[in-house]
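Trainee: I have a model open and some time to go through it. Can we take it piece by piece?

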Amino acid sequence: MKCKICGSKLANENADICLNCYKKYQEEEDLKKDVNEKLVVKRRYKISYILLKWLELILIFILTILAFIAYSKFLEAFLCFLICAGIMIVILAFSKRIAKNTRAVFYDKKVVYTSKNLFYNTQKVLKYTDLKDISIYQSHRQRKSGFGDIIFYTKSTVPGASFFKGFQIKDVENVKQVIPDIVSITGLGE
């Protein structure tokens, strides 16, 4: 007889699955039973931060409008303003939707990362024993606004592939205050 899941030869002819597959099944069942939320980390949406993030684009829009006004092309300046305002409204709406639907929920034994937007939906469930490292990234603008990105790396047998199995939460407010809570729950860095 062969295992119905992995196809390996079974030692016991009365069994349907091998011991390795049964162990994985038991771990998955234990993770499903883990429903005690300890911490929720969300991506934040703040209009002032989004506008600061897109500052160069806004400056280009303003300079373009001023150039049209300088050449007495008021209709073109008005049309440029409408286009620029439309683009900024789309950027703000898209950023709000992404922030609303991105979160990481930390339980006793696992973290569940969820991200939804127009083009893709992602949900990852990682055991704390599978996590390798956690790091913070802050750009200059993020630092000034009190935001930062938290990156979770997993243990991987393939060098460089640990990030792709992990996840990243962008634009977390007060990131340096959140990290100690995450470390105490997950046991990383101890």
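Mentor: First a term: contact here means heavy atoms within 4.5 Å. Also keep in mind that this is a predicted model.

Trainee: Fine. What does T114 touch, not counting residues up to four places away in sequence?

Mentor: T114 touches N101, T102, R103, T122 and Q123 on that count. T114 itself is in strand 3.

Trainee: Is T114 buried or exposed?

Mentor: Buried, because its relative accessible area is 17% and the cut-off for buried is under 20%.

Trainee: Switching to helix 4. How many residues does helix 4 have, and what distance does it reach?

Mentor: Helix 4 covers residues 74-100, which is 27 residues. From first C-alpha to last, helix 4 reaches 39 Å, close to the 39 Å expected at 1.5 Å a residue.

Trainee: Which residues of helix 4 are buried?

Mentor: A77, C80, C84, M88, I91, L92, S95, I98 and A99.

Trainee: And what covers the buried residues of helix 4?

Mentor: The cover includes helix 2 (47-53) and helix 3 (55-70), along with strand 2 (102-106) and strand 3 (110-116). Strand 3 is also where T114 sits.

Trainee: Pick one of those buried residues, say M88. Why does M88 count as buried?

Mentor: Because its relative accessibility is 10%, and under 20% is buried.

Trainee: What is M88 in contact with, leaving aside neighbours within four places in sequence?

Mentor: M88 is in contact with L51, W54, L57, I58 and F61.

Trainee: What separates the C-alpha atoms of M88 and A99?

Mentor: 16 Å, with the two residues eleven apart along the chain.

Trainee: New topic, charges. How many salt bridges does the structure hold?

Mentor: Seven. In general, side chains of opposite charge can pair when their charged atoms come close.

Trainee: Start with K46. Which residue does K46 meet in a salt bridge?

Mentor: The K46 side chain meets that of E173, at 3.7 Å from N to O. This pair links distant parts of the chain, 127 residues apart: K46 is in the loop between strand 1 (39-42) and helix 2, E173 in strand 7 (residues 167-173).

Trainee: What about K53, which partner does it have?

Mentor: The side chains of K53 and D171 meet in a salt bridge at 3.4 Å, N to O.

Trainee: Is D171 buried or exposed?

Mentor: D171 is buried, with a relative accessible area of 3%. K53 is partly exposed, at 33%.

Trainee: Which residues are linked with K53 and D171 in a network of salt bridges?

Mentor: R43 joins them, giving a network of R43, K53 and D171.

Trainee: And K170, what does it pair with?

Mentor: K170 forms a salt bridge with D149, the closest N and O atoms being 4.0 Å apart. K170 is in strand 7 and D149 in strand 6 (residues 147-154), 21 residues apart. K170 is partly exposed at 36%, whereas D149 counts as buried at 4%.

Trainee: Now pockets. What is the volume of the second largest pocket?

Mentor: About 160 Å³. The residues lining that pocket are K24, E27, E28, L31, V125, L126, K127 and D130.

Trainee: Which element gives the most to that lining?

Mentor: Helix 1, with four residues. Helix 1 (19-33) and strand 4 (121-127) are the elements that give two or more.

Trainee: How many of the lining residues are charged?

Mentor: Five are charged, three are nonpolar and none is polar.

Trainee: Last one, backbone. What is phi at S72?

Mentor: About 55°, a positive value although S72 is not a glycine. Most residues other than glycine have a negative phi. S72 lies in the loop between helix 3 and helix 4 and counts as exposed at 52% relative accessibility.

Trainee: And N174, where is it placed?

Mentor: In the loop between strand 7 and helix 7 (175-186). Phi of N174 is near 50°, again positive in a residue other than glycine, and N174 counts as partly exposed at 40%.

Conventions:
Residues numbered from 1 in each chain as written. Predicted model: local features only at pLDDT ≥ 70, side-chain atom pairs only at ≥ 80, totals over all residues. Heavy atoms only, no water. Expected span 1.5 Å × (residues − 1). Buried < 20%, exposed > 50% of the residue type's maximum accessible area, 1.4 Å probe, protein only. 1 Å grid on protein atoms, 1.4 Å probe; cavity = no way out; pocket = protein on both sides within 12 Å on 5 of 7 lines; lining within 4 Å. Points joined across faces, edges and corners; volume = space filled by probe spheres on them. Nonpolar A, V, L, I, M, F, W, Y, C, P; charged D, E, K, R; others polar.
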